[in-house]
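I opened this entry to keep track of what I looked up. The chain comes first, then my notes.

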Amino acid sequence: MLIFNHETLGQRVLFGSGKAAENLAAEVARLGAKRVMVIASEFEAPIARKVAAGIDVALDYDDVAPHVPIEKAEKARAAAQEHGIDLLVCVGGGSTTGLAKAIAMTTGLPIVAVPTTYAGSEATNVWGLTEAARKTTGTDNKVLPATVVYDAELTLSLPAELSVASGLNALAHCVDSMWGPRADPINQALAAEGIRALNAGLPAVKLDPQGLPGREQALYGAYLAAVSFASAGSGMHHKICHVLGGSWNMPHAQTHATVLPYVLAFNAPEAPDAAARIATAFGSDDAVQGLNNLRTVLDAPRALKDYGFTEDNIPEAVELILPVIPDSNPRKPTAENLADLLRAATAGATPGL
Ligand code: NAD
């Protein structure tokens, strides 16, 4: 029997290399905006200047910081109010999109997002704020950008190593969408196409970071990854990475890249349909082998011990992770099998063996 409840988030997506400035100007006119605030960090500002060349900008704003500290959010909200802003345009990675979302959350202002990484925040209704070193997240349709303008040319300056890490993070969104708490056939179909696109795009980006075809596939895959993940919700992989990141201050992208194949190897035998779809998306006979092949080509991070996590941390990690793994997980996690998974990921043993 096929029974599911699915919500599709309403958003315009304008995709085209070299078209960001033209698409943004058309969107600003369509929305009838008169007072635009352009948000971009100091490093992203040169990209933002090119993208916003065809519009009148009422306020350029660059006070962006990772994980949206609440003081920065309040300062940006006050600036938007003071300048009578009627449209937010964010040009940058997830941190910059996050600040625009924080403003939209309290003001209801619409956002046009122009992403320059593969984080995917632009396609979700999830916000995040950090107060006293604690990050809080939630969902609110007010923070979903009205329009996303994708232009792969804007990602050419993203260094190859950061591109690979960001792309593997997107791949983790796809894989976890196969068994997240609200996984359904629609988000699984989007996730499978996301895996196919990222598997095609990321090796091309690694080989030729200045080539557009690989960048386009990676950006398209990253969008599908975010849409499927926003719909399916956090699965086992994201729960593990959240605990490791929060409790041991592990680097975000590297932790995702290292843990993913172990979670896939853990769940695949109990989720044959998802495993078969993932394998097909990788163009491989086997899901874990397909992911291992991609990680070899990308020279992806391999062991948690390389990022400061040790075997001694495993009992505490198991205690924190076990209660938060969703019931939807295909294989029942236990203290023993979770410890085995973490031991293999800490050492960097070949996933699936
Ligand atoms: P980021 O936005 O912090 O950017 C990383 C670095 O890359 C920054 O120094 C930035 O200036 C630089 N950069 C961005 N684009 C560049 C480009 N094209 N060329 C050169 N440098 C560039 O990192 P991120 O990985 O994009 O986003 C991570 C943040 O987004 C985290 O806070 C994460 O929690 C959040 N996030 C939120 C959601 C959501 O749905 N709310 C989804 C994914 C990520």
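**Domains**

I looked up the domain assignment, which gives domain 1 (12-155) and domain 2 (159-347); such bounds come from an automatic or database domain assignment. The model is predicted, so I noted that local features need pLDDT of at least 70 and side-chain atom pairs pLDDT 80 or more, while totals for chains, interfaces and linings use all residues. Residues are numbered from 1 along each chain as its sequence is written, and side-chain values use heavy atoms, without hydrogens and water.

**Between the domains**

I found the C-alpha centres of domain 1 and domain 2 to be 27 Å apart. For contact (heavy atoms within 4.5 Å), I noted 14 residues of domain 1 against 17 residues of domain 2. The two domains bury about 1400 Å² between them, 71% of it on carbon and sulfur atoms; this is the accessible area (1.4 Å probe) that two parts lose on being put together, summed over both.

**Helix α10**

I turned to helix α10, residues 272-282; helices are DSSP runs of H or I with at least four residues, numbered from the N terminus. A274, A275, I278, A279, A281 and F282 are buried there. Their arc around the axis is only 160°, which puts them on the same side of α10; the arc is taken from the directions from the helix axis to the C-beta atoms. P272, D273 and T280 are exposed on the face turned away from the buried side. Buried means under 20% relative accessible area, exposed over 50%, and partly exposed in between (1.4 Å probe, protein chains only). I listed α5 (160-177) and α9 (252-267) among the elements covering the buried residues. Just after α10, G283 has a positive phi of about 70°.

Key:
Helix = DSSP H or I, 4+ residues; strand = E, 2+ residues; numbered from the N terminus.
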